[in-house]
Amino acid sequence: MTETSSSVSLEKIPRHVAIIMDGNGRWALQRGLPRLAGHRAGTENLRRVIRSTVEFGIKYLTIYAFSTENWGRPAEEVQGLLGILQDVIDRELNELHKEGVQLRHIGRLERLSANLQARVLKAINLTKNNDRLILNIAWNYGGRDEIVCAIQKIIKDGIKPEDVTDSLVGQYMFTAGVPDPDLVIRTSGELRVSNFLIWQTAYSEWYVTPTYWPDFDKEEYRRALEAFAQRDRRFGKVSSGELQESNA
Ligand code: IPE
Ligand code: IPE
Ligand code: MG
């Protein structure tokens, strides 16, 4: 259902929102809880955010769940995060499927156990014809890794240098076929990219909030969308308003 009562202007709803879900560890620390409790709270919040995304009428959502650098965390935390991924697939898949969510994965599955890889692929296959929301899960994802992978495939395919164009490179990315994000949201206040979608976000708008991910609620989401609706996206040109004025 699209929210008609919202103050967000509907023509300006982004088509694709990408989120760096950050701050789970600090959320837990603040409460004297182990970091994994923060990740669990963050996962609960993700469920709410997916629902809000559908309600706002956004078509594509990409979430950064685990980076290629996150393997460097303590083994216990990495194991816990892998367990959460498995739980999400086991417990949420049917509900997501019923809601018309198409699941996709970006990144590399290789480092997951054969069993977990099979479950992820099964979830992707089950939901492949859904079109209410395309949900890209970035798991074992790194923007540089994605570009390296694309270059390797381009060379393997024997593409001639003069045929390597912006759009061809896009087709070799994990996100092939998905429009670039219009809006990137980062929670927990960090002002950095952390290896997320570095090719695709060339002209994305950014919204950073100090709120930790488990506390990023629908009101805050709405504020991010309102901020986006106010932005003048020029893509290196001059704004259309200015052009009209100078022609008058
Ligand atoms: C984001 O929260 C989730 C993952 C990176 C898996 P963090 O775990 O990075 O939380 P902080 O940044 O330490 O607070
Ligand atoms: C980015 O957050 C990765 C995810 C949200 C999955 P990090 O917490 O890993 O990033 P840094 O270390 O603060 O740059
Ligand atoms: Mg972090």
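Begin by selecting ligand 1 together with the residues around it: M21, D22, G23, N24, G25, R26, R35, H39, A65, N70, R73 and L81. A residue belongs to this shell if one of its heavy atoms lies within 4 Å of the ligand. The model is predicted: local features need pLDDT of at least 70 and side-chain atom pairs count only at pLDDT 80 or more, whereas totals for chains, interfaces and linings use all residues. Residues are numbered from 1 along each chain as its sequence is written, chains are lettered from A and ligands numbered from 1 in the order in which they are written, and side-chain values use heavy atoms, with hydrogens and water left out.

Colour the shell by residue class. It divides into 3 nonpolar, 5 polar and 4 charged residues; Ala, Val, Leu, Ile, Met, Phe, Trp, Tyr, Cys and Pro count as nonpolar, Asp, Glu, Lys and Arg as charged, and the others, Gly among them, as polar.

Next, display the polar contacts (pairs of N or O atoms within 3.5 Å). An oxygen atom of ligand 1 lies 3.2 Å from a backbone N or O atom of N24, and a backbone N or O atom of G25 is 2.9 Å from an oxygen atom of the ligand. The side chain of R73 places an N or O atom 2.7 Å from a ligand oxygen. Taken alone, ligand 1 exposes 380 Å², of which the protein buries 86% (Shrake-Rupley method, 1.4 Å probe).

Now select helix 1 (24-30) and helix 2 (35-56), the elements that give two or more residues to the shell. Helix 1 gives the most, with 3 residues. Helices are DSSP runs of H or I with at least four residues, and strands are runs of E with at least two.

Select D182 and R233, whose closest N and O atoms are 3.1 Å apart. D182 lies in the loop between helix 6 (166-171) and strand 5 (183-186) and R233 in the loop between helix 7 (218-230) and helix 8 (240-247), so the pair ties together parts that are 51 residues apart in sequence. D182 is buried, at 15% relative accessible area, and R233 is partly exposed, at 24% (buried is under 20%, exposed over 50%, partly exposed in between; 1.4 Å probe, protein chains only).

Finally, select R192 and E190, a salt bridge at 3.6 Å between the closest N and O atoms. Salt bridges with shared partners join D22, R26, R186, E190 and R192 into one network.

Notes. A salt bridge is a side-chain nitrogen of Lys or Arg within 4 Å of a carboxyl oxygen of Asp or Glu. A polar contact is a pair of N or O atoms within 3.5 Å; within protein, one must be able to donate a hydrogen and the other to accept it, and residues adjacent in sequence count only if both atoms are side-chain atoms.
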